[in-house]
Amino acid sequence: MATVYEVDELEKALNELELDDPAPEKERWYAISTDPWPCPACGEIVEWVTACHHVVIAETPDPLLEHASVAKKVGRNPRIIKYDGGMPTITLYQWRALGRPVHGVRRDLTPG
Ligand SMILES: [Zn+2]
């Protein structure tokens, strides 16, 4: 079961989240790189497995295997590699604590 967030809502939730997060050196994080893939909610092209446009990162490759296998099933050609920055991130701990956030499908907001 996933929780639906808008990108800025997730940013806010991450800031408010107080977790005893291990914080290894940035260059030690792993993430799942994929072929360019449109976000199912808004169509933005991403080249990582993300949660609501935040790259899901972990200290070791192992916990990412499950997510890589999901990405493989849908043909995204996943590769677990060292994360080299460029996008906002969410650790697996934060991801679980926030109820596995995904990007919500944009609603048509009518003025008034
Ligand atoms: Zn999106």
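**Overall architecture**

The structure is a predicted model. Its chain contains three helices and eight strands. The chain has 112 residues, of which 27% count as buried. Among the contacts with a separation of 6 or more, 76% are between residues 24 or more positions apart.

**Strand β5 and its partners**

Strand β5 covers residues 54-58, and five of its five residues are buried, so this strand is largely enclosed by the rest of the structure. The strands that pair with β5 include β2, β4 and β7, as the table sets out.

| Strand paired with β5 | Bridges | Direction |
|---|---|---|
| β2 (residues 30-38) | two | antiparallel |
| β4 (residues 50-51) | two | antiparallel |
| β7 (residues 89-91) | three | parallel |

Individual residues show how these pairings are made. Ala31 has Ile57 of β5 as its bridge partner. Ala51 stands opposite His54 in β5, while Val55 stands opposite Thr89 in β7. Strands β4 and β5 also form a hairpin with two residues between the strands, and in this hairpin Cys52 takes a positive phi near 55°.

**The nonpolar core**

In soluble globular proteins, nonpolar side chains tend to be buried together. In this model, the largest nonpolar core has 19 residues. The residues with the most contacts inside this core are Ala31, Ile32, Val55, Val56 and Ile57. Helix α1 (7-16), strand β2 and strand β5 are the elements that give two or more residues to the core. The largest share, four residues, comes from β5.

Which residues does Ile57 touch, not counting residues up to four places away in sequence? They are Trp29, Tyr30, Ala31, Tyr83, Thr89 and Thr91. Ala31 is also the residue whose bridge partner in β5 is Ile57, and Thr89 is the residue of β7 that stands opposite Val55.

**Two loop residues with positive phi**

Asn77 has a positive phi of about 55° although it is not a glycine. This residue is found in the loop that lies between α2 (65-73) and β6 (79-82). Is Asn77 buried or exposed? A residue with 12 or fewer other C-beta atoms within 10 Å counts as exposed; Asn77 has 12, so it is exposed.

Arg100 is not a glycine either, and its phi is likewise positive, at about 55°. Its position is in the loop between α3 (92-97) and β8 (101-103). Arg100 has 13 other C-beta atoms within 10 Å, and therefore it is partly exposed.

Val4 lies in strand β1, which spans residues 3-5. Because it has 14 C-beta neighbours inside 10 Å, Val4 counts as partly exposed. Where along the chain are the residues that Val4 touches, if those up to four places away in sequence are not counted? They are Val102 and Gly104. Val4 can also be compared with Arg100: these residues are 96 residues apart along the chain, and their C-alpha atoms are separated by 8.5 Å.

Conventions:
Residues numbered from 1 in each chain as written. Predicted model: local features only at pLDDT ≥ 70, side-chain atom pairs only at ≥ 80, totals over all residues. Buried ≥ 20, exposed ≤ 12 C-beta atoms within 10 Å, placed from the backbone. Contact = placed C-beta atoms within 7 Å. Pairing = 2+ DSSP bridges. Core = buried A, V, L, I, M, F, W, Y, C linked by C-beta atoms within 7 Å.
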